[in-house]
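Please keep the structure open while reading.

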Amino acid sequence: MHTATTPVATPTTYPPSQKTVRNAHVSGRAAYDRLVAEAEADHEAYWARLAREFITWKKPFTKVLDDSNAPFYKWFEDGTLNASYNCLDRNIERGLGQKTAIVFEADDGAVTQVTYADLLERVCRTANALRLIGVKKGDRVVIYMSMSIDGVVAMQACARIGAIHSVVFGGFSSQALRDRIADTGAVVVLTADQQVRGGKHLPLKAVVDEALALGGCESVRHVLVTKRTGAEVPFEAPRDQWMADLLAVQPTTCEPEWVSAEHPLFLLYTSGSTGKPKGVQHSTGGYLLHAALTCYWTFDLKPEDVFWCTADIGWVTGHTYITYGPLALGATEVVFEGIPTYPDAGRFWRMIQDHLVTVFYTAPTAIRSLIKAAESTPAAHPRNYDLSSLRILGTVGEPINPAAWQWYHDHIGGGRCPIVDTFWQTETGGHMITPLPGVHDLVPGSCSLPFPGISADVVDEAGNPVPWGQGGILVVKKPWPAMIRTIWGDPERFKSSYYPQDFQGRYYLAGDGAIRDAETGNFTITGRIDDVLNVSGHRMGTMEIESALVSCTELVAEAAVVGRHDDTTGEAICAFVVLKGALPVGDQATAIASELRTWVAREIGPIAKPKDIRFAENLPKTRSGKIMRRLLRSVAKGETSTQDTSTLENPAILEQLGQVY
Ligand code: WTA
């Protein structure tokens, strides 16, 4: 994969260049060590200093951390602020009104640019429209839109009036959308007529209609529809209204709602180890601080940078590194509507060239699929593009394998750009363990060391630290400002998921395993330790997919889902299914497998479709009736022969499970 001109051994560490160190906001290892020491010496004073530097407060906070009701920590609670003010007005007051905030490239290549002044005006008009239809501080607004300036505007407009947004990824099905609308009790849904991806027009408004028709969404009073393609969509007045009609009559200014730092900025649903996704609740002040600070230190954003995060606003990365972080720093960023392979797999590289992108942030899955494409289609190879504007590269969402890291480094970064492999989660709000470009010696596959102020460590099951060089459970030992506040409507689940009694509620449990390098202490994430899969950087609960399968009551009697390694998507979903009817074979089995995939796509979304489906008359169980998941994982990998099956109640079914559909 990696083609070197001379057969030299690949170095295993990449120290930053002197120039990178000199120019970086955190310049050199000593500067990093000083920040870490400052945080260790006085955790609260450290975060308070940064909160004063990076956030403009309407009313300054007087208390930093309230841990009296741990683990429901509160940060900067008596301080008031507005996230949209911090991202927009504040930059305009600093003279950046005419600076480009967003360079938007549509699926078909059309480019639109908005300045900070334009963006503020659009946000204010949208915020006024929301107020006009009765949206109040604390109300939930579900946003089901695709990648667009309007999507960012919708989120910022909610923040402006203190409404709590909950963005639902445009690839989720009507059922998944319904569940999220119902759980939030949203009063308004913001959507578009359609979305455009890879040359295809896909429905949005029609899916909202379906979701609302499923019932349980009686809280929704209005659906506001933005026109994207102009397609004819069903319209149910007065519930449905065209956004453009509302906006036309709105004033272009809007007084922000000043909220407590603890006021929820958004809810974002993510998968856990049960069948029900959890609504992760983030705060305004602590979250915004971390979003801005990580953009400043990890991405080292400078006024002249052009930042591009390829994530979708439906995921947390799109929240922190599109809607909030870069704008809070007054940066210029690229927002892209389409997909990396349309019209060809050179799209990302062409866009970097065209928009002179300097800092580029994407997912390992995208890199791996573009490596494949570059190998098979010479025209899509990055060598055809001028990528010399790049200075920093980043990855997120899943472990990056060293071969993909190396290719990214050599072919995209031209061997000169540091790669920040950022480990974090929906729950953490922003980067937790990551190299800083002007600090760390990079080791492909390792996310280096904790962001200053984050006390990550690796412990054993009793919560005791394990020596470096030994694997264990990743925990965070002290609260941090951007941490999850609770699970919406389910504080008990928040406590038991993240602050389990196994550690006497002392540590935040990330749900990942990790190992620290014996000499450097560098972290490598070894993957989830719960029943959560990571497919193309998207979190999927195995139980969620199992529930979707068994809800196909006509066909399915029982189902179990496990993950297996996949070279491109990281992990792939493997479903083991017992049908109500006879064991299917041949074409019939293929047809049922395809029917089940369609079913899962309808229940959750296409991202949850099982890649492998295996049928059997029964699932492998112990004599006490427990499904042998470890055995299923081996079967999924194709290694049944090495397993001890002596405790298996019905060994004959192993043969049936051998066939993949
Ligand atoms: C995984 C995405 C290794 C991890 C921001 C985590 C990673 C889950 C990395 C969170 C990384 C994320 N290296 N693994 N750099 N980044 N992960 O909530 O398993 O969608 O728990 O947040 O992705 O996924 P989520």
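Is R228 buried, partly exposed or exposed? In this predicted model, R228 is partly exposed, because its relative accessible area is 32%. Its salt-bridge partner is E337, and E337 is buried, with a relative accessible area of 1%.

**Salt bridges between distant parts of the chain**

- The salt bridge of E337 with R228 has its closest N and O atoms 2.7 Å apart.
- E337 sits in the loop between strand 17 (332–336) and helix 12, while R228 sits in the loop between strand 11 (222–226) and strand 12; the two are 109 residues apart.
- R391 and D300 also meet through their side chains in a salt bridge, at 3.3 Å from N to O.
- This pair ties together parts that are 91 residues apart in sequence, because R391 lies in the loop between helix 13 (364–376) and strand 19 (392–396), and D300 in the loop between helix 10 (285–297) and strand 16 (306–309).
- D300 has a relative accessibility of 2% and so counts as buried, whereas R391, with a relative accessible area of 28%, is partly exposed.

- A salt bridge joins K205 to D240, with 2.7 Å between the closest N and O atoms.
- K205 belongs to helix 8 (residues 205–213) and D240 to strand 12 (residues 240–242), so placed as distant parts of the chain, 35 residues apart.
- Both residues of this pair, K205 and D240, are buried.
- A network of salt bridges links K205, D209, E236, R239 and D240.
- The count of salt bridges in the model comes to 33.

**Helices 4 and 5**

- Helix 4 (residues 83–96) and helix 5 (residues 116–132) have axes that come within 9 Å and cross at roughly 140 degrees.
- The crossing of helix 4 with helix 5 is left-handed.
- Helix 4 contributes S84, C87, L88, D89, N91, I92 and L96 to the contact, and helix 5 contributes Y116, A117, L119, L120 and V123.
- By class, the residues of this contact are 9 nonpolar, 2 polar and 1 charged.

- Buried residues in helix 12 (residues 347–355) are R347, F348, W349, M351, I352 and H355.

Terms used:
Residues numbered from 1 in each chain as written. Predicted model: local features only at pLDDT ≥ 70, side-chain atom pairs only at ≥ 80, totals over all residues. Heavy atoms only, no water. Axes fitted to C-alpha atoms, helices over the stretch in contact; angles between N-to-C directions. Helix = DSSP H or I, 4+ residues; strand = E, 2+ residues; numbered from the N terminus. Left-handed = near helix turned anticlockwise from the far one by under 90°. Contact = heavy atoms within 4.5 Å. Nonpolar A, V, L, I, M, F, W, Y, C, P; charged D, E, K, R; others polar. Buried < 20%, exposed > 50% of the residue type's maximum accessible area, 1.4 Å probe, protein only. Salt bridge = Lys/Arg side-chain N within 4 Å of Asp/Glu carboxyl O.
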